[in-house]
Amino acid sequence: MTLRARLVVERAGFRLDVGFEVAPGEVVALLGPNGAGKTTALRALAGLTALTSGHIDLEGRALHEIPAESRPIGMVFQDYLLFPHLSALDNVAFGPRCHGASKVEARRTASAWLERVGLSAHAGSRPRRLSGGQAQRVALARALAVGPRLLLLDEPLAALDAHTRLDVRSELRRHLAGFDGATVLVTHDPLDAMVLADRLVVIENGSIVQEGTSVEVARRPRTDYVARLVGLNLYRGIATGRTVTIEATAGTTNDTTTNDTTTADMTSADTIPGVGTLSSGGGPGAGTADVEDGGVEAGGGEGVVFSVVERFDGPVFVAFPPSAVALYGTRPNGTPRNLWRARIDGVERHGDNVRVHLDGPIPVAADVTPAAVAELDLVPGKPVWVSVKATETHAYPA
Ligand SMILES: Nc1ncnc2c1ncn2[C@@H]1O[C@H](COP(=O)(O)OP(=O)(O)OP(=O)(O)O)[C@@H](O)[C@H]1O
């Protein structure tokens, strides 16, 4: 293991006590609700918050005995914390310079990193002239330029608008894949965690409540928070331009063995990346949604064709929240894309709304108002039309 940590931080009214390991090249996401202790854990790894007890072992070195400024770590913060008076190049060069490199050497290293993140043309720009996405890339280059063995990312995408976030997320994933040290990422966005991390460590109230790959965590949610967390509709598919074919569903049912409270979430659990076979329920509703005319043809579980905003070729993920799904009792007018027919599998309360689980060519969860439930008479077994606006889907390379 590259990193072995047990972090105990005590404060009035709060106690963090977590232990986890990160393998070389692995990205671990610390995920959890507000106030869970994620940032405290990250700051403790960085040496910015003192440990009450515990230890941090990085490649055999006792990191907790090393002062923050001498730890071999790179850190990216939510708001980047770039020096406003320095150019992008000098911001990146700052790290190597602090680690003893000469000015020329530091700038050479910085220049190479700016090129790797695609920002050579902006080397002379001050941070205020950079977009949020560009500033984030400079911050990442600055963190990696010191050749860290541990990379710490604190909500690295949180300050970006939705569209930029999409691009930067894919790009960050690529850079993380090329980093051979340990990476610990803090986020409360499940999409960031699932796309960027190999493994999730879910923290609630200062303790680890669940950990594993996103598939493992999603299959057996153990807390309400985790169950909600995996409530995204998320599919793996193949893109051709702006059209994504969601891989065929297997037609096998879930291996749900109990009727406990997590059962209702298993549908969405099957929509987590890495799960090769999505449960379609295998019912007569399985088929191919033709986005051109919005119909559903019997197709023996061939999946669904989605139209999305982003243009890609090859394997992608398509994600959208249950709130982006609209249900209709009769086929809606016009020819909206991403329209197919499904059958209601289950209905449950979800905050102020109602979450409707649907069978069909792909399993999907929809959040609708109680008024809509009454108006459309949404009861299990009822056939409905399902539509998802292309603008509310996110597609990104798998
Ligand atoms: N500097 C501080 N002094 C005292 N208490 C703090 C300090 N920073 C955080 N806390 C408290 O410690 C607990 C954990 O906070 P922390 O910021 O680590 O949570 P988090 O999981 O990162 O949450 P968020 O997602 O909101 O950032 C909270 O109860 C918080 O109020």
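Good morning, colleagues. Please bear in mind throughout that the model is predicted.

The largest nonpolar core comprises 107 residues. Within this core, the residues with the most contacts are Ala29, Val92 and Val318. Strand β14, which spans residues 305-320, gives the most to the core, contributing 9 residues. The core also draws on both domains: at least three residues come from each of domain 1 (3-218) and domain 2 (219-397). As a general remark, nonpolar side chains in soluble globular proteins tend to be buried together.

Let us look at Ala29 in detail. Setting aside residues up to four places away in sequence, Ala29 touches Leu185, Thr187, Ala193, Leu196, Ala197, Leu200 and Val201.

Ala193 lies in helix α6, residues 190-196. Is Ala193 buried or exposed? Ala193 is buried, because 24 other C-beta atoms lie within 10 Å, and the threshold for that class is 20 or more. With the same exclusion of residues up to four places away in sequence, Ala193 touches Ala29, Leu31, Thr187 and Leu200. Glu155 is 38 residues from Ala193 in sequence, and their C-alpha atoms are 10.0 Å apart in space.

I turn next to the strands. Strand β1 (residues 3-11) and strand β4 (residues 53-58) run antiparallel and are joined by 6 bridges. In this pairing, Leu7 of the chain stands opposite Gly54 in β4. Strand β4 also pairs with strand β5 (residues 61-62), again in the antiparallel sense, over 2 bridges. Here Leu58 stands opposite Arg61 in β5. The hairpin formed by β4 and β5 has 2 residues between the strands, and in that hairpin Glu59 takes a positive phi near 50°.

Finally, the ligand. Which residues are around the ligand? They are Arg11, Phe14, Gly32, Asn34, Gly35, Ala36, Gly37, Lys38, Thr39, Thr40 and His188. Helix α1, residues 38-46, supplies the largest share of this shell, with 3 residues. Sorted by class, the shell holds 7 polar, 2 nonpolar and 2 charged residues.

To close, I return to two points. Thank you for your attention.

Definitions and conventions
Residues numbered from 1 in each chain as written. Predicted model: local features only at pLDDT ≥ 70, side-chain atom pairs only at ≥ 80, totals over all residues. Core = buried A, V, L, I, M, F, W, Y, C linked by C-beta atoms within 7 Å. Buried ≥ 20, exposed ≤ 12 C-beta atoms within 10 Å, placed from the backbone. Helix = DSSP H or I, 4+ residues; strand = E, 2+ residues; numbered from the N terminus. Domains from an automatic or database assignment. Contact = placed C-beta atoms within 7 Å. Pairing = 2+ DSSP bridges. Near = placed C-beta within 6 Å. Nonpolar A, V, L, I, M, F, W, Y, C, P; charged D, E, K, R; others polar.
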